[in-house]
Amino acid sequence: MLPDLQAAFRAGTIGRDAAAAAALSAGGMQNGHRFGIYRNNIFKSLTGVLEAAFPTIRNLVGGENFAVLAHRFVAAYPPRQPQLYAYGGDFAAFLAGFAPAVGELPFLPDLARVEWAVNEAYFEADAEPLAAGHLAGLAPEGYAGLRLGLHPTVRLVASDWPVWDLWGLEALPEPSQNPRPPEKQGGAQRVLVRRPENKVDVVMLTPGDFAFVGALAGGDTLGAAATAAAGAEAEFDLSACLAGHLSGGTFHSRVIVDTS
Amino acid sequence: MKQVNALTVAAAVAGALSLAAVTAATPAMAKSVKCYGIAKAGQNDCGNKAGTHSCSGQSKVDYDGGDWKGVASAAACAEMGGQTKPFKGMNPKKKSS
Amino acid sequence: MALERENGLAESFARDPVPAAAGIGLRHTHYGDFLDGRPATAWLEVHSENYVCPGGPRMATLEAVRQHYPLSCHGVGLSLGSAEGLDAGHLARLRSLVDRFEPGLVSEHVSWSTTGGDYLNDLLPLPYTEEALDVLVGNIGQAQDALGRTILIENPSSYVTFAESTIPEWEFCAEAARRSGCGLLLDVNNIHVSAHNHGYDALEFLNGIPGELVGEIHIAGHADTEWDGRPVLIDDHGSTVKDAVWDLLDTALARIGPKPVLMEWDLDLPPLDILLGEAAKAQAALDRLAPHGPGLGSRAMDDAA
C-alpha cells in the first residue's frame, strides 16, 4: 500500500535504516540496486542547502566534516517544509548536541546562530527603516516614551565566543606569529544582524548597545531601554548608539508614542 | 538600577538626530553581505551547487556520511576563545558568502 | 488581488499567457543578465518554492523581471503523490505566489516527496496502481481548488519501478489529467531517461499521450553514467540536450503541435548565451513545424526582444 511504501522510502533514506533500504530494494522494486540514487540525492541536495546557509562553518570545518554534520543533521532534523530557504534553523541546536564537533570547536553552535540570523534577514519581509525625519515632528519631552519597533530583519545573537570575528572567515586561523594585544583578543561578542534594504549587515554591539536593542525588542520605551543599557555598560553613550542605529536602519519606520 | 531620566533621553535623541543628519555613521565594527550581485542560489533549484534540488541524481558513490575527522589542533580552538593566544587572519572588512 | 494593483501590471499579466515558443529557467546566476538587460527569450520559468519567502532580493528580482516576460511557476515541493495528502500551508504560500505574479502556467510533478510530514528533497517515484492514481487525482483536485486554476503535471524521470504497478506510466499520467481536469507537462528528456532506465520504447510513451492535454514541454540534458557498476541515465539538468532528446522533441512536436518548450539547466549553469543557444535550437524545432506561416514562437521571441 502507498502509505507503507512511502514510509519505507523515508526509513531507507533519511532514516538511515539500512535494513529498510535493503528490504525495499529486494522486494517489489525493479532495478532496486538504484535505490541508493534517491538516498544520495536527498542527502547531497540538503547538504548543499546547508552549505549555502552556513558557509563559514563549511569553510572552517572543511567539506568532508561538513558533510558529516549535514548528514547527521538531516537524519535528526529532516525538513518539514518544502521551501528550503527556511531549512536549517535547528542546525545550532543540533551542533550543540554533537559532541565530536563541539568538543573540538565549542563556538560552532553560536556561529551557526549568527549564520542563521543572516539567512533569515536575507529572506525576511521588506520594510522601510526609521529615518531621522520620522521623529522630527515629535516633541522632545516625549522621546523617552517612544517605543521604537525593530526592523523585521533584525536578529540579535550574544555569545561567549568571538562570533563576530569568526563570521566570514574562510579558514581556521593559524597559530599566531604576530600576537595581537590582549585587549584585542577574542572573548564574548554580541552581534546584530539586519537587512534594511539590499545588504545584510552583521554588526558587533557593545554590551550596553546590545541590552538597549534587546529591551526595545521586548517592547520597552526608549527611556527604559536606555536605563537597561546604562545598567549593562557604564560608558554607554545613548546618543552615539542611536545615531548608529538610525543611519544603519535598525528600527522600523513605525513608531509608537507612549500614551501612559 | 539608576534610571535614565526623560531629559537625558531627550538630549541624547536630539544629539543623535543631528548626528544622523550630517553623517552616514556606519558602525565601525560592521561586516556585510551585498544581496545583489552575489545572489543566493535557489535552494529549490535542481542540482545547483549551493542549493540543489534533486530533480538531478548526483553521486556515483553511495553516500553514508562517514565520521567526524576533526579539523585542527586544540591550539586553534583555544585561539578561538582568545583565552590563551590571539589569532590572526581576521579581516573585519572581508565580505563573505 | 489583481484588480487592485496600482501599477496596471495585472491587466498586462492577464494578457501574457506563456507562448508556444522556447523559454528558459530563470536561475540566480543569471539574475544580473536580466536586471541589466532584456535577454531574448520568449518566456521564463522559475521553481515556485524559491519564491515563497516573505521578502528580500530574490522576490524583488522576480518582481522586476516579471514585468518583461511571460512567466511559468514550476513547483518541486507540493508532493502530489503523497498518500497523506497535501500541506495546506504550502498550498496557501503557492496561492500567494500565483496571486502576486499571475503566471501563465503553473505546474508540478507526478511524484511524491513528503511522508510523515518530512520533506524528502527529491521527486520520488510512485507505483502506478489504482490506489496511487486515486491519491494523485484527489491531491491535484485539492491543489487546483486551492490555487483557483488548473495546473499541469509533469511525467517524472525515475531509476526504479515497482512490481505492483499495473498501469503504464503514460496511461497513468494521462488518466490523472483526464480525471482531475489538469493538463500535462511533457518532459521529453524524462521520457528518454526513464525509457532507457526501464527498457521501454519512448515512442510508445509519446503515442500514449493525448496531445490535446499537453500544455508545455520540457527538454534538458542528462548524464550517461553508471550506478553500482551498471549503466544508468541520470536526469541531472547539467549539460546541453542530447541528440536523442532533440529527435524525440521533433517527434513530439510533430504529433501534438506547437507548445511552450522550456530548456532546463540547473547543475553547473553555463553563461546565459549557451543556455539561450539551446533554447534557440528548441525554437528552430518549433519553427520547422510551420515553415511558411507566421510561427507563434518567432513572433513571441520578437516581442520579448
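How many helices and strands does the secondary structure of chain C come to? The count is 11 helices and 13 strands, where helices (H or I, at least four residues) and strands (E, at least two) are DSSP runs numbered from the N terminus.

This is a predicted model, in which local features need pLDDT of at least 70 and side-chain atom pairs count only at pLDDT 80 or more, while totals for chains, interfaces and linings use all residues. Residues are numbered from 1 along each chain as its sequence is written, chains are lettered from A and ligands numbered from 1 in the order in which they are written, and side-chain values use heavy atoms, with hydrogens and water left out.

Chain C has 305 residues, and 63% of them count as buried (under 20% relative accessible area; exposed is over 50%, partly exposed in between; 1.4 Å probe, protein chains only). Of the contacts (heavy atoms within 4.5 Å) between residues at least 6 apart in sequence, 78% join residues at least 24 apart.

**The barrel**

In chain C, 8 strands form a closed barrel with parallel pairing, in the order β1-β2-β3-β4-β7-β9-β10-β13; two strands pair if DSSP finds at least two bridges between them. On average, neighbouring strands of this sheet are turned by 30° against each other, direction ignored. Helix α9 of chain C packs on the sheet and touches β9, β10 and β13 of chain C. The direction of α9(C) makes about 170° with that of β10(C); axes are lines fitted to C-alpha atoms, for helices over the stretch in contact, and angles run from 0 to 180 degrees between N-to-C directions.

Strands β9 and β10 of chain C run parallel and are joined by 4 bridges. Leu184(C) stands opposite Val214(C) in β10(C).

| Element of chain C | Residues |
|---|---|
| Helix α6 | 169-180 |
| Strand β9 | 183-187 |
| Helix α7 | 188-198 |
| Strand β10 | 214-220 |
| Helix α9 | 243-256 |

**Ser180(C)**

Ser180(C) lies in helix α6 of chain C. Is Ser180(C) buried or exposed? Its relative accessibility is 16%, so Ser180(C) counts as buried. Leaving aside residues up to four places away in sequence, Ser180(C) touches Val137(C), Ile140(C) and Gln144(C).

**Helices α7 and α9**

α7(C) and α9(C) pack at an angle of about 120°, with axes 9 Å apart. They are therefore oblique to each other (under 35 degrees is roughly parallel, over 145 roughly antiparallel, 65 to 115 roughly perpendicular, the rest oblique). Residues of α7(C) in this contact include Ile191(C) and His192(C), which meet a group in α9(C) that includes Leu248(C) and Leu249(C).
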